[in-house]
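Student: Let us go through this structure in short questions. Please give the cut-offs as the terms come up.

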Amino acid sequence: MNSEQKYSVGHSQVKQLLNYVESGEIAIPEIQRPFVWDAAKVRDLIDSLYSGFPVGYIVTWQNPDVKLKDGSKATGKKILIDGQQRITALTAAILGHTVKNTDFEDIRIQIAFNPLEKRFEVFNAAIAKDNRWIKDISPFLKGDIDPFELRDNYLEFNPAFDRKKLNKILGELGNIIHKEIGIIHLDGNLDIDSVTEIFIRINSKGVVLNQADFVMSKIAANESYGGNMLRKCIDHFSHLALRPEFFGKLKENDKEFVNTEYFSAISWLKNENDAIYDPTYVDILRVAFTYKFSRGKLGDLVSLLSGRNFETRNFEQEIVENTYKSLHDGIMCSSSNLI
């Protein structure tokens with residue numbers, strides 16, 4: 001690695017960051033996996049933003065621009081490689097999006113706010129009966145209800161509360177979406193080894209991010225070639241291999257996936273009780289990649305998914321398309337137990 005700077009650092013308001021996510025400018029591959037934070041941690045994140053505390057940096061990796069068949073170039077989107085849980089928490093609390101629990105059920109995490117105490121809490125049955133609480137901050141923060149309407153609704157049930165004081169507190173609450181979060185943008189031309197090293201160095205917990213994690217992120221980020229469903233197939237396969245009893249929950253809770261060819265390919269696992277070997281998503285990727293590409297280095301797969309031409313060192317859309325097709329075929333064979 002030479003001494004040139006491999007990243008840029010910036011800041012984005014929460015509102016703008018969520019707009020990037022909504023528009024797809026920043027892809028969040030982990031959104032398809034179960035949300036591992038508990039609801040109290042979502043509450044704490046919102047409280048930190050409200051209090052003006054730092055909530056850490058997120059890290060994005062710029063997909064390189066690719067050359068299209070007509071000779072023009074398409075700008076690559078950014079992939080979120082660190083900070084998925086925080087961004088998912090923000091989409092849940094502020095935008096009102098559902099998250100997936102460990103059974104892949106879509107659930108709401110509803111955050112309530114008490115203006116009297118300036119306190120946030122996860123919505124529960126007690127709060128539902130207590131008029132001192134704003135039951136859900138999401139409609140207000142995403143603009144479905146304006147401050148005056150919210151104020152008047154609250155004062156209707158809490159007439160003793162000072163109107164001017166409430167105006168100030170609601171202004172502070174609404175300011176959450178204008179708080180800034182730091183963003184580290186990694187250059188799209190970085191190779192996988194460099195990105196891995198950077199990730200480990202900036203991650204305060206020393207979390208190891210292996211090359212298979214990057215592959216999974218790359219796969220899921222490209223919905224044009226069905227990457228989101230391909231990613232799900234790999235995840236669900238490894239989950240079913242370990243817990244065949246999960247099949248019923250999967251069939252019930254992920255209708256979109258059930259209607260794909262991938263579901264049929266992995267359905268045999270519901271009756272698989274052999275505990276001698278349970279493949280992980282890393283194993284599945286390696287088998288499919290080696291089988292279809294005659295390569296074993298997952299870093300090469302990351303490059304191919306980006307469209308890299310190893311001879312010219314350019315990035316081409318045709319290579320992206322062919323890579324997804326070959327990987328799809330390899331995953332289908334692997335998951336169908338045909339190899």
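Tutor: Buried means under 20% relative accessible area, exposed over 50%, and partly exposed in between, with a 1.4 Å probe and protein chains only. The model is predicted: local features need pLDDT of at least 70, side-chain atom pairs count only at pLDDT 80 or more, and totals for chains, interfaces and linings use all residues. Residues are numbered from 1 along each chain as its sequence is written, and side-chain values use heavy atoms, leaving out hydrogens and water.

Student: Is cysteine 333 buried, exposed or partly exposed?
Tutor: The relative accessible area of cysteine 333 is 21%. Cysteine 333 is therefore partly exposed.

Student: How many disulfides does a search of the whole structure find?
Tutor: A disulfide needs two cysteine sulfur atoms within 2.5 Å. For cysteine 233, the closest cysteine sulfur is in cysteine 333, 11 Å away, so it is too far for a bond. Cysteine 233 is itself buried, at 0% relative accessible area. The number of disulfides found is zero.

Student: Are the planes of phenylalanine 35 and tryptophan 37 stacked, edge-to-face or tilted?
Tutor: Rings of Phe, Tyr and Trp (its six-membered ring) pair if their centres lie within 6.5 Å; planes under 30 degrees apart are stacked, over 60 edge-to-face, the rest tilted. The structure holds 11 aromatic pairs. In this one, the centres of phenylalanine 35 and tryptophan 37 are 6.2 Å apart and the planes lie at 55°, so the pair is tilted.

Student: How many residues apart are tryptophan 61 and phenylalanine 214?
Tutor: Their rings form an edge-to-face pair, 5.3 Å centre to centre with 80° between the planes. Helices (H or I, at least four residues) and strands (E, at least two) are DSSP runs, numbered from the N terminus. Tryptophan 61 sits in strand 3 (residues 57-62) and phenylalanine 214 in helix 9 (residues 211-221), so this pair links distant parts of the chain. The separation is 153 residues.

Student: How is helix 14 oriented to helix 15?
Tutor: Axes are lines fitted to C-alpha atoms, for helices over the stretch in contact, with angles from 0 to 180 degrees between N-to-C directions. The axes of helix 14 (residues 281-293) and helix 15 (residues 298-305) come within 11 Å and cross at roughly 70°. Angles under 35 degrees count as roughly parallel, over 145 as roughly antiparallel, 65 to 115 as roughly perpendicular and the rest as oblique. Helix 14 is therefore roughly perpendicular to helix 15.
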